[in-house]
Every structure is written in C-alpha cells, then in structure tokens.
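Biologist: I am new to this structure and would like to learn how to read its features one at a time. Could you take me through them slowly?

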Amino acid sequence: MRAAAMQAVSWTTGGALGDIGRAYDNVGAIPDARAYPARWSEAAAVFRDRLAAEGRARLGLPYGAGPRHAYDLFLPAGTPIGLAVFVHGGYWKAFDRSVWSHLAAGPLARGLAVALPSYTLCPEARIGAITAEIAAFLDRAAAEVPGPIHLAGHSAGGHLVTRMLCTDLSLACAGRIAQVVSISGVHDLRPLLGTGMNEILRLDADEARAESPALREPRPGARLIAVAGGDELPEFRRQNLLLPTVWHGLRAETAAFEIAGTHHFSVIQGLADPESALTRALAGG
C-alpha cells in the first residue's frame, strides 16, 4: 500500500455511546450525501457500456432463482489471474450491483476478473438469508473463473465478505479465498438493534450475535484487511478496528488502516484506480 494514502490508526473511548441512530447515520454526517448515488450510477453505467462494447462484460448471470439472484462479471484484457468480488453496502436494505460497476476498474487493470452481485434486500430477507445468498453467489462465480479469490465489500458488504471467512459457513470455494478487504465494514451487528433502521432489518438479539463476524471464528489461514475513511463516524472507525483485533487473537492474518481525507461514501473510490492503496490491498500487492 502507498504510505501517503494511509494513516496510522489509534483509538480511545470516552464513556458510553450516545444516540445510536446518529452514530450510524452516514447520510446525516456527510455533506451532499444524497447526491452520491446518482454520481455512482452514472459512472457505473458509462463503465458498463464501455466494457460491454469491448466484449468484456457478462451481465445478469444467475446464481439462484430469486429476482435479485444475479451478478455481473467483467473480464480483464488478458486471461484472468483470479477473481475479485465487490459486494455493495446500503445497510442490507438499499442498492443493487448496477450502481457500482465502475469500481471494477482497479482490479481489472491488475489482471483480475471482477464479479458484482445483487442480493435480496431487507425487509424481504433477513440478514442471515442474505449471507447465504452471497455464499451461493460466490460458489457460482468461482466456478466461472479459476485461481485465487479476492473479496471486497463496503459497509454492509464488508460484513457480508467477512462472513465468508467464518467457520460456521459452508462454502465450496473457501480454500481459494486469498484476501478479504472489508471497507467500512459493520462487524458487530448488536449496536444496530437500537437504531430506527432495525424496523426494516428486523434483527433480534440472537440473529445479531449469530451474524456478527466479530463473534465468530475465522477459518485457518484467513487473511483480512479492514479499511475505513479517516473522516468516518467514530462507530465505523471502531468497527474497523474490532474484527482485526479479535481475529488476530484467533490466528488470522489481519491488518487495519484508515485512508486519510475520506469518509464513508468517498473511501470506496480507490477501487476505480489500479494504483490506489485500496486496490493494492485487494489485489495483494
């Protein structure tokens, strides 16, 4: 990773957490937050159209029977050296794969094929069911592209890709996962029980514990890098440190970084740049 793009991570706590809703409200904390989805969608559509015109896009590939059980696969200029995956966020209740296509540019330029899935959203699905959907997608996409697998996910997607490393999850391609990068990931779901969004998520205490990677054990040999924006809400900076700290003690290979000058919505932009610290972390060099 380029040192200039990263900053040291330190943390201190100062009493009990206050308003849980505000602690996880990225839209309320980021200036011009509501303009970001349109920008993402526009950049994604331009990228997708270009790759389709070049014959390097396979769009809408099924991985299940549900209406959102589909993924897009983008191919590098030459033979893929492996598979990269990006799982989107939105608190398990918003967005689909079409908003994020442009984030495939960085890994593609480094020789990786890139797959981006949609998944059933809350409240139609519970978070545990979404985890199972991503596992089914990953096994299907892995069958399309040989070689090592590099997983990235943002926010709720960070939760979902770290769940792919947990010992309780059955995954045929588990032995091929070379690297997982959780970007602003939510690794302990229990705080969300007290938020207004839980009316949509429908988490209860048992599911929050069962679906929290920080309360699960990693597979032997798991490699995790957790990345957050240096200007993120304090809870996301804390969550970013949490899982690497816990899993390090369980003999996983872990690291945590922050990217200076970025917040929850801007931190992911590095995936569009093959030379960014974020892309280098995902690609492994």
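Predicted model: local features only at pLDDT ≥ 70, side-chain atom pairs only at ≥ 80, totals over all residues.

Biologist: What share of the 285 residues counts as buried, and what share of the contacts with a separation of 6 or more comes from residues 24 or more positions apart?

Modeller: Of the 285 residues, 54% count as buried. Among contacts in the protein chain with a separation of 6 or more, 78% are accounted for by residues 24 or more positions apart.

Biologist: How should I read the nonpolar core, and which residues have the most contacts inside the largest one?

Modeller: The general idea is that, in soluble globular proteins, nonpolar side chains tend to be buried together. Here the largest nonpolar core has 55 residues, and those with the most contacts inside it are L83, W92, F137, L138, L151 and M164. The elements that give two or more residues to this core include the strands β3 (70-74), β4 (83-87) and β5 (113-117), as well as the helices α5 (127-144) and α6 (156-163). Helix α5 gives the most to this core, with eight residues.

Biologist: Leaving aside neighbours within four places in sequence, which residues is F137 in contact with?

Modeller: F137 is in contact with Y63, Y71, V85, A115 and P117, once those sequence neighbours are set aside. There is also a second, separate core of 32 residues, which includes A57, L108, V227 and A281.

Biologist: Now to charges: how many salt bridges does a search of the whole structure find?

Modeller: Side chains of opposite charge can pair when their charged atoms come close. A search of the whole structure finds 18 salt bridges. One of them joins D206 and R209, whose closest N and O atoms are 2.7 Å apart; both residues lie in helix α8 (residues 205-210), three residues apart, which is about one turn of the helix. With a relative accessibility of 54%, D206 counts as exposed, while R209, at 41%, counts as partly exposed.

Biologist: Which parts does the salt bridge between E253 and R223 tie together?

Modeller: The side chains of E253 and R223 meet at 3.5 Å, N to O. Because E253 lies in strand β9 (residues 253-259) and R223 in strand β8 (residues 223-229), the pair ties together parts that are 30 residues apart in sequence. Another salt bridge is formed by R237 and E258, with their closest N and O atoms 2.8 Å apart. R237 lies in helix α9 (residues 234-248) and E258 in strand β9, so this pair ties together parts that are 21 residues apart in sequence. E258 counts as buried, at 0% relative accessibility. Salt bridges that share partners also join R163, D168, E211 and R216 into one network.

Biologist: What is the nearest side chain of opposite charge to R48, which is buried yet has no salt bridge?

Modeller: That side chain is D72, which is 5.0 Å away from R48, whereas a salt bridge needs the side-chain nitrogen and the carboxyl oxygen to be within 4 Å. R48 lies in helix α3 (residues 36-53), and a polar atom of its side chain lies 2.9 Å from the backbone oxygen of S98. Not counting residues up to four places away in sequence, R48 touches L59, D72, F74, S98 and S101.

Biologist: Finally, is G185 buried or exposed, and where does G185 lie?

Modeller: G185 lies in the loop between β7 and α7 (198-201), and at 0% relative accessibility it counts as buried. Leaving out residues up to four places away in sequence, G185 touches S155, G158, H159 and Q239. G158 and H159 are among the buried residues of α6. Eight of the eight residues of α6 are buried, so this helix is largely enclosed by the rest of the structure.

Methods: Residues numbered from 1 in each chain as written. Heavy atoms only, no water. Helix = DSSP H or I, 4+ residues; strand = E, 2+ residues; numbered from the N terminus. Buried < 20%, exposed > 50% of the residue type's maximum accessible area, 1.4 Å probe, protein only. Core = buried A, V, L, I, M, F, W, Y, C linked by side-chain atoms within 4.5 Å. Contact = heavy atoms within 4.5 Å. Lys, Arg positive; Asp, Glu negative; His and termini not counted. Polar contact = N/O pair within 3.5 Å; in protein donor to acceptor, adjacent residues only side chain to side chain.
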